[in-house]
Amino acid sequence: MTLIEHMGPLSIQQIKEETGYLVKTITPALHRLQEAFLLYEDQYDGEWDRAWYRFYEMFPEYDLKQYSRAAALEIILQRFAYRMVWFDTKMAKTFYKLPEKEIRQACTRLVDDGILTAMDSGFMLPGDVDALDEAPKQFPQVLAFHRNDFLVRALDHELKAKFKPLYDVLPYDHDPQYYVLVDGEFRAVSVGHFRYGPYEIHDIVCDSLDMWERKDEICAAVQKENPGAVIQRFMGKPI
């Protein structure tokens with residue numbers, strides 16, 4: 001923080017050159033300062049090594065005391081409800097990394113004010129509740145979602161509990177990449193390595209053997225999101 005205050009905007013590489021610290025040491029510290037609204041990462045030009053600025057330099061008009069913590073939480077939960085349609089407090093906790101007790105209290109206040117409606121152990125906006133009768137009941141399609149997708153990040157606690165035991169036992173090094181939604185339920189995940197360009201997709205792990213019947217659809221969905229990628233295995237069997 002002192003370095004950026006005295007030298008102006010700096011990239012991670014410039015910070016490394018000035019301090020001698022490793023990138024893996026610098027980056028988490030920058031992210032903590034970013035979360036505290038002390039620094040801002042400029043992502044305007046799309047370059048990978050972007051500059052970091054003092055937050056108030058980029059947003060001099062912003063008042064960090066404009067909202068109380070409770071009021072700010074109520075605002076973001078309404079936005080969360082708008083995007084998720086239905087959510088529960090565990091999903092909000094997983095996504096925002098905030099205490100579930102605070103989230104539950106904020107949801108209760110929003111329900112009392114008529115802004116949210118309690119529904120099936122979760123919450124919805126009243127307008128979405130009214131639209132339920134018009135919504136389709138089945139979703140006969142296969143879609144792949146990157147692990148950083150909004151929906152996946154909100155359900156990270158469930159997806160890890162379901163799939164991590166399945167891919168942790170694989171004999172090769174890998175990371176989860178795409179979670180695959182089959183007819184409205186997450187039933188599979190691709191694992192491998194992230195690369196610039198097409199990913200290395202070592203395998204597609206499914207939650208049951210009946211997914212063999214949807215093999216072609218699942219592989220096509222993963223490849224659609226990552227053109228040029230070669231899927232090496234499906235449920236452990238070489239392709």
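Which residue stands opposite Arg-54 in β3? In this predicted model, that position is taken by Leu-39.

**Sheet**

- Three strands form an open sheet in the order β1-β3-β2, with antiparallel pairing. Its edge strands are β1 and β2, each of which pairs on one side only.
- Strand β1 (residues 10-11) is joined to strand β3 (residues 51-54) by two bridges in the antiparallel sense. Within this pairing, Leu-10 faces Trp-52 of β3 as its opposite residue.
- Strand β2 (residues 39-41) pairs with β3 over three bridges, again in the antiparallel sense. Tyr-40 stands opposite Tyr-53 in β3, and Leu-39 stands opposite Arg-54.
- In a regular strand, side chains alternate between the two faces of the sheet.

**Helix packing**

- Helix α3 (residues 23-35) lies across β2 and β3, and runs at about 110 degrees to β2.
- Two packed helices are described by the angle and the distance between their axes.
- For helix α5 (residues 69-84) and helix α7 (residues 100-112), the axes come within 9 Å and cross at roughly 75 degrees. Because angles of 65 to 115 degrees count as roughly perpendicular, α5 is roughly perpendicular to α7.
- On the α5 side, the contact is made by Arg-69, Ala-70, Leu-73, Glu-74, Leu-77 and Gln-78. On the α7 side, Glu-102, Ile-103, Ala-106, Cys-107, Arg-109 and Leu-110 take part.
- By class, the residues of this contact of α5 with α7 comprise seven nonpolar, one polar and four charged.

**Largest pocket**

- The volume of the largest pocket is about 990 Å³. It is lined by 21 residues, of which Glu-35, Phe-37, Ile-76, Tyr-96 and Leu-98 are the closest to its centre.
- At least two lining residues come from each of α3, α5 and α6 (89-96). Helix α5 gives the most to this lining, with six residues.
- The lining of the largest pocket divides into 11 nonpolar, three polar and seven charged residues.

**Second largest pocket**

- The second largest pocket has a volume of about 780 Å³. Among its 24 lining residues, Met-84, Val-85, Trp-86, Phe-139 and Gly-184 are the closest to the centre.
- Helix α5 also contributes here: α5, β6 (142-146) and α9 (150-154) each supply at least two residues of the lining of the second largest pocket.
- This lining holds 17 nonpolar, two polar and five charged residues.

Note on methods:
Residues are numbered from 1 along each chain as its sequence is written. This is a predicted model: local features need pLDDT of at least 70, side-chain atom pairs count only at pLDDT 80 or more; totals for chains, interfaces and linings use all residues. Side-chain values use heavy atoms; hydrogens and water are left out. Two strands pair if DSSP finds at least two bridges between them. Helices (H or I, at least four residues) and strands (E, at least two) are DSSP runs, numbered from the N terminus. Contact means heavy atoms within 4.5 Å. Axes are lines fitted to C-alpha atoms, for helices over the stretch in contact, and angles run from 0 to 180 degrees between N-to-C directions. Angles under 35 degrees count as roughly parallel, over 145 as roughly antiparallel, 65 to 115 as roughly perpendicular and the rest as oblique. Ala, Val, Leu, Ile, Met, Phe, Trp, Tyr, Cys and Pro count as nonpolar, Asp, Glu, Lys and Arg as charged, and the others, Gly among them, as polar. On a 1 Å grid over the protein atoms alone, a cavity is a set of points where a 1.4 Å probe fits but cannot get out, and a pocket is an open set with protein on both sides within 12 Å along at least five of seven lines; lining residues have an atom within 4 Å of a point. Grid points are joined across faces, edges and corners, and a volume is the space filled by probe spheres set on the points.
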